[in-house]
Amino acid sequence: MQQQSEAERIIELQEWVDGWEQGDTGFHTPTVHKLLETHLDKVLKGRKGVRFFFPLCGKAVDMKWLADKGHSVVGVEISEKGIREFFEENKLKYSEEPVKDIPGAKVYRSEDKAISLYQCDLYSFSSSTEGQFGAIWDRGSFGSINLRDQAKYIPLIQSLMANDCTYLLVTFLYDTTVHKGPPFSFSKEQVQSLFGDTCNVELLQGGTPTEEEEFPEVLYLLTLKNK
């Protein structure tokens with residue numbers, strides 16, 4: 001009954017902002033994520049200049065890594081501090097401006113326009129803001145949202161997928177009697193049930209709980225089914 005018991009755990013946006021302000025960012029990794037690095041070819045499929053979307057991007061160094069390879073990145077993050085730290089720590093000059101269609105939101109762009117990070121509620125963002133994307137790197141975003149918000153999150157992500165989009169989804173799989181989310185634990189069957197109506201779901205790596213890792217990561221590749 002994991003879904004029902006954990007569904008009561010609600011995290012407000014301000015809690016994420018406060019976490020950044022207090023330096024409570026244990027989810028951040030200072031190096032390029034190994035799963036992205038290992039499976040990048042499966043995402044690109046020979047394509048050049050792919051537009052990547054990063055939901056709840058934080059200050060992930062993966063964004064600069066992809067931009068340095070000639071791709072472009074659009075991310076969404078609620079924390080202004082996280083966004084500014086990304087640009088400053090990577091020594092990137094950037095501009096800042098309000099977002100016309102999202103009240104209270106700002107967009108921060110690198111000088112070369114390869115990286116655009118929106119400071120706003122993820123659910124305020126849509127395809128009308130930046131169009132659709134050729135790839136999505138979802139490292140922990142889906143696993144961190146409130147379970148009740150899945151009904152908003154999944155349609156949003158799917159609406160941002162271009163027809164040829166490759167969606168790398170990282171979830172977690174652990175003993176829910178020992179840990180409570182977030183990040184929340186999802187079995188392969190749950191991922192299939194949540195995304196399977198509109199997406200092909202392929203397990204790329206992981207899928208078996210281990211004692212070596214507190215929150216073992218599981219990687220899926222999702223593509224839109226033919227319409």
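This is a predicted model: local features need pLDDT of at least 70, side-chain atom pairs count only at pLDDT 80 or more; totals for chains, interfaces and linings use all residues.
In the hairpin of E4 and E5, Lys 113 adopts a positive phi near 70°, with 4 residues between the strands. The protein has 227 residues, of which 50% count as buried, and its secondary structure comes to 9 helices and 9 strands.

**Overall picture**

- Among contacts with a separation of 6 or more, 65% are between residues 24 or more positions apart.

**The sheet**

- An open sheet is built from 9 strands in the order E3-E4-E5-E2-E1-E6-E7-E9-E8, and its pairing is mixed.
- Strands E3 and E8 (199-205) are the edges, since each pairs on one side only.
- From one strand to the next, the twist averages 20°.

- Strand E5 (residues 115-119) is mostly covered, with 5 of its 5 residues buried.
- In a regular strand, side chains alternate between the two faces of the sheet.
- For E5, both faces are covered: Ile 115, Leu 117 and Gln 119 are buried on one side, and Ser 116 and Tyr 118 are buried on the other.
- Strands in a sheet pair through backbone hydrogen bonds, in either a parallel or an antiparallel way.
- E5 has a partner of each kind: E2 (residues 72-77) pairs with E5 in the parallel sense over 5 bridges, while E4 pairs with E5 in the antiparallel sense over 4 bridges.
- Tyr 118 in E5 has Val 76 opposite it, and Val 107 also stands opposite Tyr 118.

**Helices across the sheet**

- Helix H3 (residues 34-44) lies across E1 (51-54), E6 (133-139), E7 (161-172), E8 and E9, and runs at about 155° to E7.
- Helix H9 (residues 188-195) lies across E7, E8 and E9, running at about 155° to E8.

**Aromatic rings**

- The whole structure contains 10 aromatic pairs.
- Phe 87 and Tyr 94 make a stacked pair, because their ring centres are 4.7 Å apart and their planes meet at 20°, which is under the 30 degrees that stacking requires.
- Phe 87 counts as buried at 0% relative accessibility, whereas Tyr 94 is partly exposed, with a relative accessible area of 26%.
- Tyr 94 also pairs with Tyr 108, and this pair is tilted, with 6.1 Å from centre to centre and 50° between the planes.
- Tyr 94 lies in E3 (residues 94-98) and Tyr 108 in E4 (residues 106-110), so their pair ties together parts that are 14 residues apart in sequence.
- Tyr 108 is buried, with a relative accessible area of 0%.
- One aromatic cluster is formed by Phe 142, Tyr 153, Tyr 167, Phe 186 and Phe 195.
- A charge also meets a ring here: the charged end of Lys 152 sits over the ring of Tyr 123, 4.3 Å from its centre.

Definitions and conventions
Residues are numbered from 1 along each chain as its sequence is written. Side-chain values use heavy atoms; hydrogens and water are left out. Helices (H or I, at least four residues) and strands (E, at least two) are DSSP runs, numbered from the N terminus. Buried means under 20% relative accessible area, exposed over 50%, partly exposed in between (1.4 Å probe, protein chains only). Contact means heavy atoms within 4.5 Å. Rings of Phe, Tyr and Trp (its six-membered ring) pair if their centres lie within 6.5 Å; planes under 30 degrees apart count as stacked, over 60 as edge-to-face and the rest as tilted. A charge sits over a ring if NZ of Lys or CZ of Arg is within 6 Å of the ring centre and within 35 degrees of the ring normal. Two strands pair if DSSP finds at least two bridges between them. Axes are lines fitted to C-alpha atoms, for helices over the stretch in contact, and angles run from 0 to 180 degrees between N-to-C directions.
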